[in-house]
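Please read the numbered points below beside the sequence and the three-dimensional view. Each point takes up one part of the structure.

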Amino acid sequence: MAKLAPLGAVPLGDCAVYVEFSKTLDLEVNSAVQRLATMVHGRALPWVRDVVPALGGLAIHFDPDHKSLTTDALTAALNTVSECLKEGLPKVDAVLRTIEVPVCYEPEFAPDLAEVAAFAKVSTEEAVALHAGADYRVLMIGFAPGHAYMGGLNPKLSLPRRSSPRAIVPAGSVAIANDQTVVYPYAISGGWSIIGRTPLTVFDADRQEPSLFAAGDRVRFKPISRADFQKLVSR
Amino acid sequence: MTIHVLRPGLLMTVQDMGRHGHQHVGLCPGGAMDPLSLALANTLVGNYAGDAALELTVLGPDLEFERETLVALVGAEFEADIPLNRPVLVPRGAQVSISRAGRGARGYLAVAGGFNVDEVLGSRSTYLPGEFGGLEGRVLKRGDRLPLAEDATNLSRERFAALKNKDKRGTSVKWHVPAFTVPDREPIVLHAIEGEHFADFDANMQRVFFDTVWRVTSDSNRMGYRLAGPPLTRSKTEEILSGPTCLGSVQVPANGVPIALMADHQTTGGYPRIAEIASADVPRLAQIAPGGTVHFARTTLDLAAQLRKDARTRMENIMRGIAWEYGK
């Protein structure tokens, strides 16, 4: 990528700043933002509370009155970003993780799979193959803890959100809408089409690493049987 | 030893200063809606400012104390059979009844030694959407027994003994601290800087935003406050890219009803952000109950910093006063 330059810095109140690189979803910018966030986070600055990569930029949350600050926090945050950009971002391969997510696509876990297949004009087996055959990348985590928006969905499966959202979508549900796929971390309401379920726990506050996914992760879905689903759930 | 919940009130949870450092995986810091009142309640009973306490909302609980316990209830003006905003030694076996909040919305009941629930990701705060932290990750209910520190009774006696100006009954003191986040009158003024998408609203809408007295709706909660008033319509029609949000961000969804993001807010959002509330004013907003009113005053980052500094100076002075009463 040629160069990454911020479009601007927007204060998110007096305790955070959003450094914006793109107002539209650009996959290269998105990947660069994630690596920049990793770099800023890696500096372990005592006045920085959170570094949050989003789709087109990153937020730096800070303690504006931290005693280690020698300038105002907003300036310090922007200086940190410019220093990191000047130093150069780490290569994609250096930070890439691949997460394999087992998914059971059987009808009891996939209430919308038949509809999705009809939309794509393929059989349900082919729809599963299309979903599980693609490489995904986590573009952003948001909406709920561990809730990862993943890009890379086959355009054939790219149907809009459902007109009426479901009140409760079971935890672990794998769903699609537009050009993205998600895995619901909790039983929450949702308007995406549900095509399967993973037995994995997406977010577990008691785990060493609570979130299964991080922004930038490469994700693959692996079809599993009912029996394997039950085995993995009980583990 | 424990405190027994006889009646839970409206929305009682265990809260401390929250968990920072997890917003990149979608977890907001959470914690007390009014951290200043939490800090005062803790300081009054000799705790660290950020220890875990009970957050009460609008309607308080009935509690039974197994042993003698030093407590302080700070924040909203609850009708209660203990005096507010000061340390109180509750005798063994006593029942404390806390009913409706006259002014304000949230109170913090701290006990000497704090509440002994497990830390999750470095905090004892209850995070309701994720069902973790606090007591089993949930709102407290009738029959719960809230665990206190093992030496809570000794701590309570020692600390109460150290206090200088006791009242005549010998169960509290002759002074109290000001719960300064609780409003004297409404609407309260919320200082706000322009949000990223402020310019997406035309001059008339911008004026409406700052001229309106907004009413906090009944579906407001720890995640966000919805503000009823004239609908705000954005001039631009194109969708905006989901971006990060912050405590105090004011979003405007398509229905035109602004939402001020509170402690348990989502970490990203796809709605335009018209304004960002100064951090010093967020605890004051947390003290507004549904039906209460607010209006926005345009401000700058410099003034937001000054408001923060004023609040800090005020807190430091009160804390110093409490320390003096404890003979420190």
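1. Helix α1 (residues 35-44) of chain B is mostly covered, since ten of its ten residues are buried. A residue is called buried if 20 or more other C-beta atoms lie within 10 Å of its own, exposed if 12 or fewer do, and partly exposed in between, with C-beta atoms placed from the backbone. Helices (H or I, at least four residues) and strands (E, at least two) are DSSP runs, numbered from the N terminus. The buried residues of α1(B) include P35(B), L38(B), N42(B) and L44(B).

2. This is a predicted model, in which local features need pLDDT of at least 70 and side-chain atom pairs count only at pLDDT 80 or more, while totals for chains, interfaces and linings use all residues. Residues are numbered from 1 along each chain as its sequence is written, and chains are lettered from A and ligands numbered from 1 in the order in which they are written.

3. What do the buried residues of α1(B) pack against? Their partners in chain B are β2 (13-15), β3 (53-57), β5 (69-75), β9, α4 (282-286) and α5. After α1(B) comes G46(B), with a positive phi near 80 degrees.

4. Chain B as a whole has five helices and 19 strands. Of its 328 residues, 52% count as buried. The C-alpha atoms of chain B fill a box of roughly 65 × 35 × 30 Å along the principal axes. A compact globule of 328 residues would have a radius of gyration near 20 Å, and the 20 Å of chain B agrees with that; the radius is taken over C-alpha atoms, and the globule rule is 2.2 Å times the number of residues to the power 0.38. Among contacts in chain B with a separation of 6 or more, 76% join residues 24 or more positions apart. Two residues are in contact if their C-beta atoms, placed from the backbone, lie within 7 Å.

5. Where the chains meet, 33 residues of chain B are in contact with 41 residues of chain A. On the chain B side, β14 (243-244), β18 (273-277) and α5 (301-325) each supply at least two residues. The most comes from α5(B), with five residues. By class, this side of chain B has 15 nonpolar, 14 polar and four charged residues. Here Ala, Val, Leu, Ile, Met, Phe, Trp, Tyr, Cys and Pro count as nonpolar, Asp, Glu, Lys and Arg as charged, and the others, Gly among them, as polar.

6. In chain A, helix α1 (residues 27-42) and helix α2 (residues 73-87) pack at an angle of about 115 degrees, with their axes 10 Å apart. That angle makes α1(A) roughly perpendicular to α2(A), a term for angles of 65 to 115 degrees (under 35 is roughly parallel, over 145 roughly antiparallel, the rest oblique). Axes are lines fitted to C-alpha atoms, for helices over the stretch in contact, and angles run from 0 to 180 degrees between N-to-C directions. L36(A), M39(A) and V40(A) in α1(A) meet T80(A), V81(A) and C84(A) in α2(A). The residues of this contact divide into five nonpolar, one polar and no charged.

7. Some backbone details deserve a check. The peptide bond from E186(B) to P187(B) is cis, with omega near 0 degrees, and P187(B) lies in the loop between α2 (152-162) and β11 (188-194) of chain B. N178(A) is not a glycine, yet has a positive phi of about 50 degrees; N178(A) is partly exposed, with 13 other C-beta atoms within 10 Å.
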